Amino acid sequence: MQKVAYWKEDLDLNYLAIYRASLADGVGWRTVLFVSGCHHHCKECHNKESWNPNAGRPFTEKTKQYLFDCMTDQIDGLTISGGDPLYRTNIKTVTELCKEFKEKFPNKTIWLYTGNLYRDSKDLEVMKYVDVVVDGEFRADLKDTTLAFRGSSNQRIIDTHTGKVLKTQ
Ligand code: SF4
């Protein structure tokens with residue numbers, strides 16, 4: 001595979017898309033933020049554009065307010081996907097976003113997708129605010145289109161409150 005090197009100095013978050021209401025990115029109706037920046041470079045990644053942390057547009061106060069405005073009674077929570085929300089220059093803003101989200105919407109959930117393993121990320125501050133993590137790199141050899149909310153069978157859906165792997169099929 002061709003090696004691609006990206007670099008970013010600042011901690012400003014970029015994002016590629018927001019879905020106002022999705023049923024495919026976690027349990028219930030969810031607003032989904034797709035951030036830029038991912039160092040995993042999985043073979044057959046569905047969105048290689050997201051590897052570049054400079055791709056897309058800046059995540060601003062206005063963007064954050066838009067996400068909050070999406071949180072109507074019909075929406076169960078926020079999903080942060082990518083890219084990787086835990087990419088080194090994303091973590092600061094993603095943590096601040098999750099913290100503020102939980103202060104405003106304590107009864108709504110946050111799902112976070114990362115190529116990292118949960119055991120390597122569970123002590124990050126952001127995990128205090130995240131309810132469910134879908135962890136692990138996408139493995140093309142373990143791809144399974146029948147799985148809910150994940151692309152390959154090595155990826156796990158983990159309740160951060162209990163540390164237990166959730167069964168979703
Ligand atoms: S972790 Fe996700 S976004 Fe990153 S390379 Fe793998 S499949 Fe693509």
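Where does Phe149 lie? Phe149 is found in the loop that runs between strand S6 (132-135) and strand S7 (156-159), where helices (H or I, at least four residues) and strands (E, at least two) are DSSP runs numbered from the N terminus. The model is predicted, and local features need pLDDT of at least 70, side-chain atom pairs count only at pLDDT 80 or more, and totals for chains, interfaces and linings use all residues. Residues are numbered from 1 along each chain as its sequence is written.

Most residues other than glycine have a negative phi, and most peptide bonds are trans. Phe149, although not a glycine, has a positive phi of about 70°, and it counts as partly exposed because it has 19 C-beta neighbours inside 10 Å. Here a residue is buried if 20 or more other C-beta atoms lie within 10 Å of its own, exposed if 12 or fewer, and partly exposed in between, with C-beta atoms placed from the backbone.

His41 likewise has a positive phi, of about 50°, without being a glycine; its place is in the loop between strand S2 (30-35) and strand S3 (57-58). With 15 C-beta neighbours inside 10 Å, His41 counts as partly exposed.

A cis peptide bond, with omega about 10°, joins Gly82 and Gly83, and Gly83 is placed in the loop between strand S4 (77-81) and helix H2 (91-104).

Turning to the ligand, 13 residues surround it, the closest being Cys38, Cys42, Cys45, Gly115 and Phe138; a residue is near a molecule if its C-beta atom, placed from the backbone, lies within 6 Å of it. By class, this shell has 4 nonpolar, 7 polar and 2 charged residues, where Ala, Val, Leu, Ile, Met, Phe, Trp, Tyr, Cys and Pro count as nonpolar, Asp, Glu, Lys and Arg as charged, and the others, Gly among them, as polar.
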